[in-house]
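Please open the model in your viewer and keep the selection tool at hand. The tour goes from one selection to the next and says what is found at each.

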Amino acid sequence: MMSLSTVIITGANRGIGFELTKRFLLSNEWKILACCRNPDGADALKDLAENSSNRVEICRLDLTNENSIKAFSEKISGRAIDVLLNNAGIMGGNHQSAFDMDFDAWFETFKVNTMAPLRMVQASIENLRQSSNPRIITISSQMGSLNRMGKGSYAYRSSKAALNKVMQVLAAELEQEGIIVTVMHPGWVQTDMGGKDADISPQASAEGLFRVITSLKKSDNGRFLQWTGEDHPW
Ligand SMILES: NC(=O)c1ccc[n+]([C@@H]2O[C@H](COP(=O)([O-])OP(=O)(O)OC[C@H]3O[C@@H](n4cnc5c(N)ncnc54)[C@H](OP(=O)(O)O)[C@@H]3O)[C@@H](O)[C@H]2O)c1
């Protein structure tokens with residue numbers, strides 16, 4: 001049997017993460033560690049896993065809980081991981097304007113969007129080092145781009161801007177080891193987060209992200225890419 005590559009996908013139970021899980025499954029070359037915080041309620045993901053010939057493995061993972069990430073790290077100990085795909089993210093609540101700011105919710109947004117991706121890198125770095133083509137991809141957003149003016153959503157925008165910097169620094173530090181680190185904008189996508197008026201379907205986003213992720217080269221390290229493969233301005 002052909003040996004499979006392995007991808008970790010966070011937030012795999014719905015939205016872009018679920019579509020990414022389906023897209024990786026479609027290619028036949030991938031084993032997917034599909035992470036979600038409540039596997040019991042993840043009916044669509046459970047159906048997918050049941051019909052995946054064991055290629056989708058559901059893993060419990062709450063990104064705001066350090067012990068949950070540690071337990072996940074222990075669970076995957078010794079296994080080679082080819083792609084860490086940090087996809088899970090939150091919008092940051094309803095009170096994130098300059099003069100009506102929920103600071104606790106802002107902190108929570110940083111935990112999930114900015115700090116958890118680095119915790120996931122810590123949790124899987126030894127596994128990535130066992131791969132012949134290791135990649136760390138984090139789903140960011142155009143809303144975190146400093147080149148783009150925009151109003152409101154302070155918590156979300158700042159969490160993604162900081163995430164971009166975290167991953168850019170990491171890219172510089174892991175370059176010598178040949179680990180590719182990128183951040184990606186998935187498009188404005190019709191999910192619970194993007195809303196129904198968004199530009200593209202989750203399927204279209206996942207298809208683009210998959211193509212870009214599976215054809216990354218070492219020279220792509222440290223780039224901010226769109227789901228189309230084009231550069232996104234920082
Ligand atoms: N949709 C867009 O237009 C758009 C645009 C730019 C960037 N993005 C980014 O794309 C990514 C995916 O977005 P989406 O549109 O698919 O969002 P979504 O439909 O709201 O799904 C978010 C996913 O993240 C998971 N998640 C949230 N908090 C978590 C936690 N503490 N622990 C574990 N999982 C957690 C959710 O799990 P639960 O089901 O348990 O809540 C869910 O699976 C995010 O990083 C988002 O910022 C989206």
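Predicted model: local features only at pLDDT ≥ 70, side-chain atom pairs only at ≥ 80, totals over all residues.

**The ligand.** Select the ligand and the 30 residues around it, of which Gly11, Gly15, Gly89, Thr191 and Gly194 come nearest; a residue is near a molecule if its C-beta atom, placed from the backbone, lies within 6 Å of it. This shell divides into 13 nonpolar, 13 polar and 4 charged residues, where Ala, Val, Leu, Ile, Met, Phe, Trp, Tyr, Cys and Pro count as nonpolar, Asp, Glu, Lys and Arg as charged, and the others, Gly among them, as polar. Helix 1 (residues 15–26) gives the largest share of the shell, 3 residues; helices here are DSSP runs of H or I with at least four residues, strands are runs of E with at least two, and both are numbered from the N terminus.

**The nonpolar core.** Next select Ile9, Ala34, Cys35, Leu45 and Leu84, which have the most contacts inside the largest nonpolar core, a set of 55 residues. Such a core is made of buried Ala, Val, Leu, Ile, Met, Phe, Trp, Tyr and Cys residues joined through C-beta atoms within 7 Å, and a residue is buried if 20 or more other C-beta atoms lie within 10 Å of its own, exposed if 12 or fewer, and partly exposed in between. Not counting residues up to four places away in sequence, Ile9 touches several residues, including Gly17, Leu20, Ile32 and Asn87, a contact being two C-beta atoms, placed from the backbone, within 7 Å.

**Helix 6.** Now move to residues 202–214, whose end C-alpha atoms are 18 Å apart, in agreement with the 18 Å that 13 residues should span at 1.5 Å a residue, counted as 1.5 Å times one less than the number of residues. Among the buried residues of helix 6 are Pro202, Leu209 and Phe210, and the buried residues of this helix pack against helix 1 and strands 4, 7, 8 and 9.

**Two loop residues.** Select Arg129, in the loop between helix 4 and strand 7; Arg129 counts as partly exposed because it has 14 C-beta neighbours inside 10 Å. Finish at Asn147, in the loop between strand 7 and helix 5, which counts as exposed because it has 9 C-beta neighbours inside 10 Å.

Key
Residues numbered from 1 in each chain as written.
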